[in-house]
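Trainee: I would like a close look at one chain of this model, including the side where another chain meets it. Please go through it in one connected answer.

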Amino acid sequence: MKASRPEIYEDRWVKTMCGRCYAMCGIRVHVVNGVAVKIEGEPDSMHGSGGGICGKGVAGLQVLYDPNRLNVPLKRTNPEKGLYADPKWQEISWEEAYNEIVPRMKKVLEENPNEFFFQWSTSRGDQYRAFGEMQFIQAVCGRIPDIMGAGGGGLHCGKAAHSAAGVVHSSWSIVPDFRYCNYAIYFGSSKGVGSGHSAMFSAKLAAEARHRGMKVVSFDPMCNFSGGKATEWVPVTPGTDGLIALSMCNVLVNELGKYDVDYLKNKTNAPYLVGLDMKYVREKGPARGLKISQSEYVRGGARPGLYIGDDDTNKPLVWDTIDNRAKVYDDPGIKEYALDGDYEVRGIKCHPVFQLVKEHLKDYTPEKAAELSGIPGENIRRIATEFVNAASIGSTITIDGHILPFRPASAIIFRGGQGHENGFHACFAVCLLNQLVGSADVPGGTLGWPARSLGYPSTGELSWSPYKGTDGFLETNHFGPMAGVMASHGPWPTNMPENNHGLNPNCITSVGHIGTNINFQSDRHEIWEKMGTKDKLKMMIAWGSNSLLSTANHEHAANALKEMEFIVVYDIFNNELTEGFADIVLPAVCYLEDCDGSGFAGQNFNHAYGMDGWFCHIVQPVVEVKGERKKWQTVLYELACCLGKKEQFLQTINNTLSLRSNNAFKPDDDFSAEQLVDRVAKQLFGDEHGWEWFSENGFIHWPKKVEEAYWRHFVDARVPIYLEYLVEIGEKIKSINEETGLGFDLSQYTPLISWKPTSVQRIDDPRYDLYCFSYRDIIHTGSSTMEQPWIDEASRMNPYTYNITMNRDTAQKKGLTEGDIIEVETDRGRKTQGRLKLMEGQHPKVVGIAANSGHWAKGQPIARGKGSNFDVLLELDQEHLDPICTTIETSVRVSVRKT
Amino acid sequence: MTNWGMIIDLQKCIGCYSCMISCKQEHFLPPGVFWNRVIIGEDGKYPAVNKQIYPVLCNHCVEAACVKACPTRATTRRDDGIVIIDYDKCVGCRYCLIACPFQQRTFYTDGEKEYFPGQGLTEYEEIGRRLYPLETGTVMKCNFCSERIDAGIEKGLKPGTDREATPACVIACPTEARVFGDLDDPNSEVSRKLREEKGVQLHPEYGTEPSVYYVG
C-alpha cells in the first residue's frame, strides 16, 4: 500500500559546512518537517567544488540519523579494560558524569598538568575547533601540557609534508596550481583525485586540468586513486620517493644544466657561503645559537624571535662576482651572486650552497635510483626532462596587470611519499625539484595556501603573510587573529633541542611537527626514563578521536591506555577506544547539529587557492539536537565552570581570538556556541555580520588579490635548498644522546637534502619478500566513515576497498588465487588477515590494504568486521619514526600465505 | 522535439561515488537498490595499466529493449526521451530485467528493509517512504530525475542549466563529469560536448541507441 504524502509544514534549506573530512566543503541541507532529507554542495562557494559534493559528504545524513549514536552519558561498570572488553555501560546524567570527571581532573591539574592528556580529531579540519579545545586546555591547565595532539598524528597526518610545506611555502601542504599547470608529478598524494586538503575544490580543478591536457605522472605503488587518474602511472616501492626526486634534481642540475638561476639567486639560500663546518659564513663570525627555548615557545605560545643567527647584525654572506668580494646576502649593492666557485673569507674556505648541492646531487644518478626503486633510469631522466621543459623557465604571465613568472610544472608529495623514516628529506627533495625550476607560488607551479591574506576588506581582520625573517628566510604570522594559539605550522623558525625532562621527546627532536606519538610508543618507558621524567600520564580526554584505531598499532596503544587511570571520551558513537578503555563517554553532537565558526579562522586545510576568492563559512545546526547530546563548546565551558576556571576560560578566548571591546566576553557573561560565533563574526567582519547574518547567508565572500594568490613574487624572502639549521640541531642532539643514553638517530641531520633507506627497506630476510602499505580510499576518512551504510554499499561495490590487493603475477607465483583468505605477517610477527584481490595495477613487490578498516566495536555495527586492519602490522617505536619530524614508517615487509 | 541525454566524462570522473549516493538520497532508495552505480576495474597488463571507472545508469535508450519487453506497457519512453515505469501498471513480471542488456533494473520486494538492520527505519527513511513512495512488487530504475525535470520546466527552468531542474547525480558530481541536456538541441552543452569530444555509447552493438554517452 502506498504511504500517504505527508503534509509539508516545514521546507527550508540550511547553509553550513560538511564535516566528513578536513576539507569541510560548503554545503546546503534540505530540511522537511524537521528532518534533513538532502545534502548538496554549496553552488555559490568555492570552499568546495562550487556545487558538487563527494560520496562521503552525501552520506552525512546517515551520520546524523544513525540509531547507534550516543544520546546520554555512559559510565563503565566493568573495571576490566582492554581490547575487545565489554564495558558494561551504565547510562548516567550529565551531572553524574561531571561528578566523575571534575574531581579527578582537579586533582591531576593541581598536582601536575603534564599528566593530563587531551587528544582531538583531525577528521574535521576545523582549526577553530582545535583552537577552542586548546583555549580550554590553556585556561584550565594554565598552560599547554607537554603532550597533546590530534588522534592519528604521525599516522594519518603529514608531519614531514607539513614541515617542508611550512618552511618552503608558508603552508600546511602543497598542491599544483591546476588552473594553469601543464605537468604535475605526484609522489604519494591524492590532491585532485578525491582526498587531501581542499579536496573537492582540487578535484574540480584537477578534472578541468586533465581535460585541458595537463599531464600527470604519479609515483605510486598502486594504480588506484592517484595512479589511476594519472597520464602515466609509475609503480614504486614504498619509501623511494625522495630518491627518485633527488635523481631528477641531479638530471636537471648536472645533466641538462637547466634550472631557474634568477629564482635560486633571489628566492633561496643557493648563493649563501658555507664553510667546511657546513655552516654559513657570517659577517662577524659564528652564530651563537638560539635565544628562546623550546619550552618557552610551546608553553607560553611566544614566538622565538631568532634562530641560528643570534641577531640581525651577523648576517650570512654571499659572494659578489663583479666586485669580487663577500657581502651580506641582502646588501643592496650586490651586482652578481656567485652560485659556484671556491672562495675565502676571513681565512675561511667556503663555497656557495648551490655548489655543494650540485656536487652532492651527483651521488643520485637515475641508475642508482633505478636499482632501488625499480623504475628504469631512462624513465626518470625522461620525466625530469619533461618536467623542466614544461616549467618553461623564464616565461611570464600577466594577471590583473602584474607580470609574474609562469612555471606550469609542479611536483607534490603527501601522505604516501612522506610516511616513512626518510619522509622529512623526501619532502624537501620534492620541494627542491620545484625550487630548481622556480615553480613555487607562481602561476602554474606548486602552491602553498592560504599563505597570505591581506584581510577582509572593510575590517582588515584575517590578515597574515609570509615575511622576510632571520637570515632572510621566510617566516609567517599565519593564523592572524588566532596567532599564538597554535604553534605556527613551520616549524619555523625552529628551536634548539633541550631535554626538559618532561614527557615529550619533541623537545629534543625539536623539528618535530606539533603532535607526538610518544604516549603510545612501545619504547616510551625507556625514553622517559632516559629523559629523566618523573611525570606519568594519568588522565586522558579524547575529543572526538578514536585514539586507539587511529594509532599505528592498536596493540601498543592498548598497553599505553591501560596505564592511564581515567579516560573520558566525547564522541558521537562508541568505538574501539570507548568500549575497551573509556571510563566515561559523553554524547557529542555531529557536524549537522553543531555550531561554530570554523570557516573564519586562518584555515590551512580547505580554502580555495589560486585566484579563486575567499570564502568563510559557518557551521550551524540543520536540525534540533537529539537526546542529551551537547555541543563541544558547551561541554568545555561547563567543565571549565566546574573546575572554577570560568573567568580564565573566557579570558583565554578573548585573548586568543582577539575579541575586543563589545565583542569580548566579560567575566559574568553567559557563554554559548552561538554567542561565540556571533562575537567572532562581528569582530572579523563588522557588527552587521553577526550570527543572524551568517545563519541566513551561510558564508561571506570577497575576491582574492594577485598579491595573495601568487605571493612569492611580492614577498622578499628566501627559502632553504640547504638545511643549515640541521647541523646545529644535530650537534645538540648528539650531546643530549651522550648525556642521557638516548639513542636518537642522527644520520639524517645533514643540511644536504638526502635519501637514506628505511629500516623496512634494509630487511634482507628472503621470507619477507613483499612490502605492505595502506592507502587512503576516496570514500573513507580516518576511522569514522565505515559506519555509514551508503558508504558501506559503495565499499562493497568497489573491488579493492575491503580486500587485500596484490599483483596478479606475484600471486600466481605464490600459488594464490583471487578470493583466497590470506594472512599477512611482518618480520616482527605481526599479522592481519583478509580476502585477496588480484590487480595488474599494483607493484609486484607490494601488497595494499585500504586504511582504517577492521573495526570491531559493537557501537558501530555497520563498520564492524569490514575489511582488514593494516595498522596492526606497524611498529611504533623510535626506530620506526623519521628521526627529524617523527612521522611514522607506514610500510612493512611481509610474507603472505593462504590461511 | 526534446531528447534528454547525458554525457559522462571518464577523464574527469574520480570515482567518488557521489552520483550513486546522491541518487539514493534523492529517491530515498532502500538498501541494495541502485539507480546509479560506479563500476571500477582495470585493463592492460602490468605496468601498462589503466584504471577503469564507469559510472552507469539507465541509458534511456531510443530503441529500449525494456519498453519492447514490457507486456503491460508499464515501461514507456516519453516524448522527451525519458524511459519511465508506471508502478500502477507494472505487475512485476521482470521480463524487462532480463531484456535490459545493461542490467539497470531492480525488482523491489522488501519495503520494510532498513539501512541499520534490526534497528528500525531512521527518521530520514521514514519520511522518505512518504515523500517519495516506491511500490513493492514492481521493477525500478533511474528515471533521469523526471520529477526534477518536470517540476523545473513548470517553473520555467532549463534542465541541464538550472540546478533545480537537473538530475541529482549531475549537480552532485564534484568534478562536473556529467553533462545533461537536450540531445536534439545542437546548441546545448551536451550536444556540443558529444560532437566535439566524440562521445560513444555503451554497447552500440545491441542496437538500443542509448541516450547516455561517454567521453574521455
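Trainee: Among contacts in chain A between residues at least 6 apart in sequence, what percentage join residues at least 24 apart?

Mentor: The figure for chain A is 73%, taken among contacts between residues at least 6 apart in sequence; two residues are in contact if their C-beta atoms, placed from the backbone, lie within 7 Å. This is a predicted model, in which local features need pLDDT of at least 70 and side-chain atom pairs count only at pLDDT 80 or more, while totals for chains, interfaces and linings use all residues. Residues are numbered from 1 along each chain as its sequence is written, and chains are lettered from A and ligands numbered from 1 in the order in which they are written.

Chain A has 26 helices and 35 strands; helices (H or I, at least four residues) and strands (E, at least two) are DSSP runs, numbered from the N terminus. Along the principal axes, its C-alpha atoms fill a box of roughly 85 × 75 × 60 Å. Of the 899 residues, 65% count as buried. A residue is buried if 20 or more other C-beta atoms lie within 10 Å of its own, exposed if 12 or fewer, and partly exposed in between, with C-beta atoms placed from the backbone.

Confidence comes next. Chain A averages a pLDDT (the predictor's confidence in each residue, from 0 to 100) of 90, and 92% of the residues score at least 70. Residues 290-310 of chain A stay under 50, although the model has 54 contacts beyond four places in sequence for them. The pLDDT is also below 50 over residues 480-491 of chain A, a stretch with 42 contacts in the model beyond near neighbours in sequence. Where pLDDT is low, the predicted coordinates should not be read in detail.

Two backbone features of chain A lie in loops. Trp449(A) and Pro450(A) are joined by a cis peptide bond with omega near -10°, and Pro450(A) sits in the loop between β20 (446-448) and β21 (453-454) of chain A. His501(A), a residue other than glycine, has a positive phi near 55°. The loop that holds His501(A) runs between β24 (474-476) and α16 (524-531) of chain A. His501(A) counts as partly exposed because it has 14 C-beta neighbours inside 10 Å.

That leaves the contact with chain B. Chain A gives 56 residues to this contact and chain B gives 47 residues. On chain B, at least two residues each come from α1 (18-27), β2 (36-45), β3 (48-57), α4 (123-131) and α6 (168-172). This side of chain B divides into 22 nonpolar, 12 polar and 13 charged residues; Ala, Val, Leu, Ile, Met, Phe, Trp, Tyr, Cys and Pro count as nonpolar, Asp, Glu, Lys and Arg as charged, and the others, Gly among them, as polar. In α4(B), Glu125(B), Ile127(B) and Gly128(B) are buried. The buried residues of α4(B) pack against β2 (26-32) and β3 (35-41) of chain A.
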